[in-house]
There are 2 protein chains.
Amino acid sequence: MKTIVICSGGLDSVTLAHRVAAQHDLVGLLSFDYGQRHKKELDSAAFCAVQLGVPHQIIDIQNVGKSLSGSALTDDVDVPDGHYEEETMRVTVVPNRNAIMLAIAFGIATANGADAVAAAVHGGDHFIYPDCRPDFIDAFQNMQDRALDGYASIQLLTPYVLGSKADIVTDGAKFNVPFAQTWSCYKGGTNHCGRCGTCVERREAFHLAGVADPTVYVDPDFWHLKVRETKS
Amino acid sequence: MKTIVICSGGLDSVTLAHRVAAQHDLVGLLSFDYGQRHKKELDSAAFCAVQLGVPHQIIDIQNVGKSLSGSALTDDVDVPDGHYEEETMRVTVVPNRNAIMLAIAFGIATANGADAVAAAVHGGDHFIYPDCRPDFIDAFQNMQDRALDGYASIQLLTPYVLGSKADIVTDGAKFNVPFAQTWSCYKGGTNHCGRCGTCVERREAFHLAGVADPTVYVDPDFWHLKVRETKS
């Protein structure tokens, strides 16, 4: 099954790319530049493509990103510290981002004769992002089946949609993913900050999976304090 | 109902903009520059926005357009002459175009607090374009309801989805649409060519609606010959 992986360069999508390369016919990685702060992600995606020996296409949708104002990912709003709790993380939502990226990916898959598009949405995102939930994924597939009727039949693969980020780390360890070469931090510094929502979630996922975390964090202990706070 | 109209500057979407301005609260026109040859459309959309006194936003998705190769709309392939028959017009299909544009429009509607997105898909396109059919429209609405759950509730308005292009001309006459200031021709010359699929369809729609066609065509008689050929 010729499969295109949407790869941001983060832990989840790089692991997905390695999984697809092992299980299917990986034909390329697709990244989106929507004016996000954490462009280091894109370097990580490029590294992943080289390692897996497939083309890497970056689609510049900054003009779209600029139109989707009101998100801390693209605007001059402070990125909140802490765990992915609804109140603080709502600000990181780019409206309709997954629907937009998936629709473009399906267009590219059609143009390239691919059979599938794979995306690394996972269970840990459900609460905050409605466009990471299983019912969205099903509805998106149904929409695309109708949109491309007679032209193409493309499957949306989301193997982690019911799993957690810790499950992804476990899977990545199985496929020997070079975790240190993946990028998660929303702040886009030299090293991972260790304090923003995705750094805390990343650190915690390695802990829960019982896998050594090779990431260099500016503040390596913040996550533990934060997770204890959240859980108590 | 605060409504954004996706307006290419063609006859259909300009008529839709006038209809929405009369029946709802039109908040703006949205056009897409995907590297199409017929950019004169975009001037017509700008004219429409000025006339209706609303903002006009052009989203540059040329980078996306370039990735969606294989279409005569964006590539160096000759645009076929003649009626919108499946064989000749398949070549004008940009894969997944409507899903991509609608997804972006829904993101922009969310960011701007709009209640609805209106699109001028119509019955005459069903045969060729699966993403103009009523079942696609329903599936798209369902997908968006799930994608934006908890953030926004945005309706997709497609008043012409069951109508013909002649019905649109009839509707436009009712709303005093300045038809001469709309652009349909895929070839993008100084005047409408009169020979390409959309010119033939435009000319025929005025004829069927019994409305005078103010358009200047380079070849004003080609459509009639072509329609007779198709019908015989």
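Okay, housekeeping. What we have is a predicted model, where local features need pLDDT of at least 70, side-chain atom pairs count only at pLDDT 80 or more, and totals for chains, interfaces and linings use all residues. Residues are numbered from 1 along each chain as its sequence is written, and chains are lettered from A and ligands numbered from 1 in the order in which they are written.

Now the interface. There are 38 residues of chain A in contact with 38 of chain B, where contact means C-beta atoms, placed from the backbone, within 7 Å. On the chain A side, β3 (56-60), α3 (62-67), α5 (97-111) and α6 (134-147) each supply at least two residues. Those labels are DSSP runs numbered from the N terminus: helices are H or I with at least four residues, strands E with at least two. The largest share, 10 residues, comes from α5(A). By class, that side of chain A has 20 nonpolar, 12 polar and six charged residues. For the classes, Ala, Val, Leu, Ile, Met, Phe, Trp, Tyr, Cys and Pro are nonpolar, Asp, Glu, Lys and Arg charged, and the others, Gly among them, polar.

So how do the two α5 helices pack? Their axes are 8 Å apart, at an angle of about 170°; axes are lines fitted to C-alpha atoms over the stretch in contact, and angles run from 0 to 180 degrees between N-to-C directions. That makes α5(A) roughly antiparallel to α5(B), meaning an angle over 145 degrees. Among the residues making this contact are Ile100(A), Phe106(A), Ile100(B) and Phe106(B).

Last stop, Gly124(B), in the loop between β4 (116-118) and α6 (134-147) of chain B. Buried or exposed? Gly124(B) counts as buried, because it has 21 C-beta neighbours inside 10 Å, and the cut-off is 20 or more. Leaving aside neighbours within four places in sequence, Gly124(B) touches Ser164(B), Lys165(B) and Glu201(B).

Technical notes
Contact = placed C-beta atoms within 7 Å. Parallel < 35°, antiparallel > 145°, perpendicular 65-115°, else oblique. Buried ≥ 20, exposed ≤ 12 C-beta atoms within 10 Å, placed from the backbone.
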